[in-house]
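The plan is to look up the overall make-up of the chains, then a few elements one by one.

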Amino acid sequence: MKMSSLVCLLVAGFLLVFPGKLSPAPVGDSADYLADDPRVCLMCHGPGSGMPADDVIHGVHGFVGNEASPFAEGQLGCQSCHGPSAAHLGRNEEGRRPLPGLVFDERHPVEKRDAACLSCHTREAGAHWEGSLHEFTRVSCTGCHKVHGGRDRTNASAGNTEQCLTCHRQQRAEIQHAFSHPLRSGQMQCTDCHNPHGGPGPAMMFEHTLNDQCYQCHAEKRGPFLWEHAPVAEDCSQCHRAHGSNHRALLQARTPWLCQECHMAPFHPSNAESGLGLPPNGASSNLMGKDCGNCHTQVHGSNHPSGSGLTR
Amino acid sequence: MNRYFWLFCALPITGEICGTGSVHAEDSSGEVEIGVGYLSDDAYQYGNRSGVNEQGLTPLLNVELGAGAEPASGATGYWWLEVERLGLDTGRVELEAGEQGRQRLRLGYREVPRYRFDDAFTPLRGPGSKRLPPGWEATDATTGGMTRLEESLVEVNLWQQRRSLGVEYQHHLDRQWTLSADFRRDTLEGTRALGGATGATGGNVRALLLPAPLDYETQIALLALAYTGTGYHWSLGYQGSFFNNRDSALGWPTPFAAHPQWAPGSGYPGGQNQMALEPDNQAHQLRVNGSLTLAGSTRLHMDAALGRQTQDEAFLPYTVNPQIDIVEPLPRDSLDARVNTSHVKARLTSRPASGLNLIARLGYRDRDNQTPIDVYQRVRSDASPQQAFMEARLNRPYSLTEREASTDATYRLARGLRLEAGYEHTQTDRDYSEVARTEEHGFSLGVRSTRWDRVMLAMNYRHLDRHASAYVGNRPLIDTRVPGSVGEEDFENHPLLRKYYLTDRDRDQWRLRLDWYLSPSVSLGSSVTHNRDDYPSGYFGLTDSEMVSATADITYTPAEAVRLTGFVNRDRYQRNQAGRSFRGSVPEDAANAERNWNTRARDHFDVWGGRLDWEDIQPSWVNGQAGRRLDLSLSFTHSRSNGEIVTETGPALDAAPLPELVTRLDSIHLGARYHLSPRSSLRLEVERERYRSDDFALDDLAPGSHPNVLLMGQSSPDYRATWVALGYRLSF
């Protein structure tokens, strides 16, 4: 609790010392805004132009019947997101065309870009976005989402894994390992477990703990069992590796050695297992078939009154 | 019930929802593709990806339909339907309908197969492995005594199929209020291999691997109400999860003849065994979260959940073998297990000054296991007399409390240069454990630079230091025995063992990432990650583990319609552990260092691949005919993993090398779509996959290879297959 108190003090310190603020979105007076948006914008950004943007009015953002749409009555059209852009029609002192109020690339800070999206999409981003790993490491909304055009495939429940793997390179390799969840085939998606907008659990999971996330599909391992296996109830990753492994059931290491990292009782649990346990040298039940699982089959927990050894 | 029944039932509902948003038939569009595929060879495990694993022809159907109001029309209704590989074991259907900005209904159905082995064998017959074949002979308590084993074996496939049906509904009641209701039903069916212990002779239990039916159903329901105000947000929700196993027990006959140490009647013929399968259970959780803007960019977020997990499946008897007398009845008819869970997460974020980001977090997790403790006088392996009271076991309802605190900061030192720093602390309290408390402190440092126009460089370092309170190795032994039945100095695990998740640990993690944008069309990326864990020396168990991962990739986009990507990755995992082989019957073994052993396990992974996408090619043979063009994609993947396990022993023990574990996958895929007109196209898909694995636990081991364990005799997967598919797509 000492540490908790320290952090509480730290939190209070933030509030007292740093009352700063950041303008979330470009704001200007009416003269800064371009009239007749989007018609004027599309004069240069129409079909066939060098930088076409007309597809936005044919996509989800173009629905005039949705009062929250940028192109609904009373909204500012393109400038709803791009900010006041009247100056963009002219030239600056260097003879170059000034940028619109906001462009969605590195020329404007990610905080301002995201603020423009969040001015309408707070609900969609969810309660965990602020302070999430992606927000903290400056992954912008448009880094993943397609704003213009038709369906945003990032929102589709199938097909978003490729988007994630462009940055998460280690996971891209791990899903190719001998044993993995069916991400490589597209039958599972990263977003089945992880919320890219942040979540209460570790690694932006939807659930509060890794175990609760695993139970979403593996509820049979939740128990509670009569005979529990302590590390199972605590953290699935004590034994399993979620993205890929060289060992069956995505285990961290090969059994029986994985089991022997915690179990070293007399006789077979403490045996030194080697090639002497395989034909033609010999035959060890700790190495052949399902090794430890030949007998201790209910390793996640047993509900049999005689099953304290997790054998039944 | 037909797998697609519920989806088709839902169609009128989705029509009703989008109908309120005015969708007109003329707004609809879609694509239907029919085709046929051919698999060159039987390849059981190939079906995991494709849904096809038998040689021959397979019809294919993919559908993508949609309708939506014209954005400029003022209407907001829409719907779309996607059907992929309809009728195959990897089929997927998705249907969504809604009104933009108001409500959305999404239905999804998918199937995920897992084909493990089609070459396993068993002498057991009937659903649930309930009987041995007529004329079964067992002359002694070993597989060698099963004189008619070979002729009695029948082939069995080991597989499972997950089917998931989900419904998600979201309604924005107004600009502030949102109601969400989700429901998901998963079923898992198939046949798995379970190890069944049968008969006990001290440490030499007899066992067999038997095919066991798998028939699970899980239903998850989520209801949430959320309110978004100016500068604040809250939501309240409930989640219920209900697991149902249609098979509560698995019984099987003993195929071994009785051992002299077994109870009368427990060997073949007549000996029966029973195992409890995963019991039905429920979990309920109430969730509340909220966020509030406190001042400027400072925001407080809270998330809390209170839950309960229960399980009350009726107990099976101590033994199913009627020949064994049960003197002491079960202490209760069912467990009445109850675990209360509490989770609280609080987070404060602030951008107090330009370029400075701060986050502070607090976390609390409590797993309070309220399951009653009783004394269970077991019957070992359905083949021993019931244990006496002093030999009985007490169940241990594990509880756990975890407290976390952490803070992170990033500071933009200069344009394109950002520094990161963090501190974290975790304290975990456990009961019935060797260690009552572990505490972990850690810090992290990082720098990220984009100062150079075309280069992004990031480096991060994290160090964690875990300390455990006094390690009482025999605590589980004492806690699970009747008081007075074991002495304070008695032990089960060797006193020098330290379980890796309960002992002191130093963890170091490095990560380096470099992205280089050579030109607008070429980018290179690379990263190196190094993790190392060190445990206290002088003890048994895991002593250290290390992971090194290096990856590099390239993207080349010479034109808008052409994209070439490639990647290469090398991972190395290493774990070192120590132990001492000791026999309970030779007390001096436990102190004999000449019986020590060390095992080094290394896993190497090499993965590389590439992909070329080239769209809008104008083939020479079309002679400029409008609309005729070709889209091409070519990809390949090579994945190889090697597992090497080396055991070294002291002079009192012997060891021999173990064969290497190898898995190799090579896959090449060619896809071509030839557009005959703007509304029709032909698709050709060719995939060649080669998979080979070597596993010493399976390969060249007949069912009777081990005297005490009846195996299933399957080999590790080894296949090569070519898949060719041709389809015709019509767009409208």
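This is a predicted model: local features need pLDDT of at least 70, side-chain atom pairs count only at pLDDT 80 or more; totals for chains, interfaces and linings use all residues.

**Entry 1: chain B overall.** I fitted a box along the principal axes to the C-alpha atoms of chain B, and it comes to roughly 85 × 65 × 55 Å. Chain B has 732 residues, of which 36% count as buried. I then took the contacts in chain B between residues at least 6 apart in sequence; 65% of them join residues at least 24 apart.

**Entry 2: chain A overall.** I repeated the count for chain A, which has 11 helices and zero strands. Read from the N terminus, its elements run α-α-α-α-α-α-α-α-α-α-α. Of the 312 residues in chain A, 48% count as buried. Among its contacts with a separation of 6 or more, 47% come from residues 24 or more positions apart.

**Entry 3: where the chains meet.** How many residues does the contact take from chain B and from chain A? I find 156 residues from chain B and 102 residues from chain A. On the side of chain B that touches chain A, strand 14 (residues 337-353) of chain B gives the most, with 11 residues. I sorted that side of chain B by class and got 64 nonpolar, 63 polar and 29 charged residues.

**Entry 4: domains of chain A.** I looked up the division of chain A: domain 1 (31-89 + 97-148), domain 2 (163-215) and domain 3 (223-294). The C-alpha centres of domain 1 and domain 2 of chain A lie 29 Å apart. Their contact takes nine residues from domain 1 of chain A and eight residues from domain 2 of chain A. On the side of domain 1 that touches domain 2, helix 5 (residues 133-136) of chain A gives the most, with three residues. I classed the residues of that side of domain 1 of chain A as four nonpolar, four polar and one charged.

**Entry 5: helix 4 of chain A.** I checked the span of helix 4 (residues 110-125) of chain A next. A straight helix of 16 residues would span 22 Å, but the end C-alpha atoms of helix 4 of chain A are only 15 Å apart. I went through the helix for a bend and found a kink of about 75° in helix 4 of chain A, centred on S119(A). After helix 4 of chain A comes G126(A), with a positive phi near 85°.

Which residues of helix 4 of chain A are buried? I list R113(A), D114(A) and A116(A). The buried residues of this helix pack against helix 3 (79-82) and helix 6 (141-144) of chain A.

I also looked at A115(A), which is found in helix 4 of chain A. Why is A115(A) partly exposed? A115(A) has 17 other C-beta atoms within 10 Å, and a residue needs 20 or more to count as buried and 12 or fewer to count as exposed, so A115(A) falls in between. I noted the distance from A115(A) to C81(A) as well: 9.5 Å, C-alpha to C-alpha, for 34 residues of sequence separation.

Entry 6: Strand 6 (residues 154-172) and strand 7 (residues 177-198) of chain B pair in the antiparallel sense over 14 bridges. A hairpin of four residues joins strand 6 to strand 7 of chain B. Within this pairing, Q161(B) stands opposite E189(B) in strand 7 of chain B. Strand 7 of chain B also pairs with strand 8 (residues 206-229) of chain B, antiparallel, over 22 bridges. There I find T187(B) opposite E217(B) in strand 8 of chain B.

**Entry 7: strands 15, 18 and 19 of chain B.** Strand 15 (residues 356-369) and strand 18 (residues 400-414) of chain B pair in the antiparallel sense over 12 bridges. I traced G363(B) to its bridge partner in strand 18 of chain B, E404(B). On strand 19 of chain B, the residue opposite E404(B) is T426(B). Strand 18 of chain B and strand 19 (residues 417-430) of chain B are antiparallel too, over 14 bridges. The hairpin of strand 18 and strand 19 of chain B has two residues between the strands, and G416(B) takes a positive phi near 80° in that hairpin.

Conventions. Residues are numbered from 1 along each chain as its sequence is written. Chains are lettered from A and ligands numbered from 1 in the order in which they are written. Domain bounds come from an automatic or database domain assignment. Two residues are in contact if their C-beta atoms, placed from the backbone, lie within 7 Å. Ala, Val, Leu, Ile, Met, Phe, Trp, Tyr, Cys and Pro count as nonpolar, Asp, Glu, Lys and Arg as charged, and the others, Gly among them, as polar. Two strands pair if DSSP finds at least two bridges between them. The expected span of a helix is 1.5 Å times one less than its number of residues. The bend at a residue is the angle between axes fitted to the seven residues ending there and the seven starting there.
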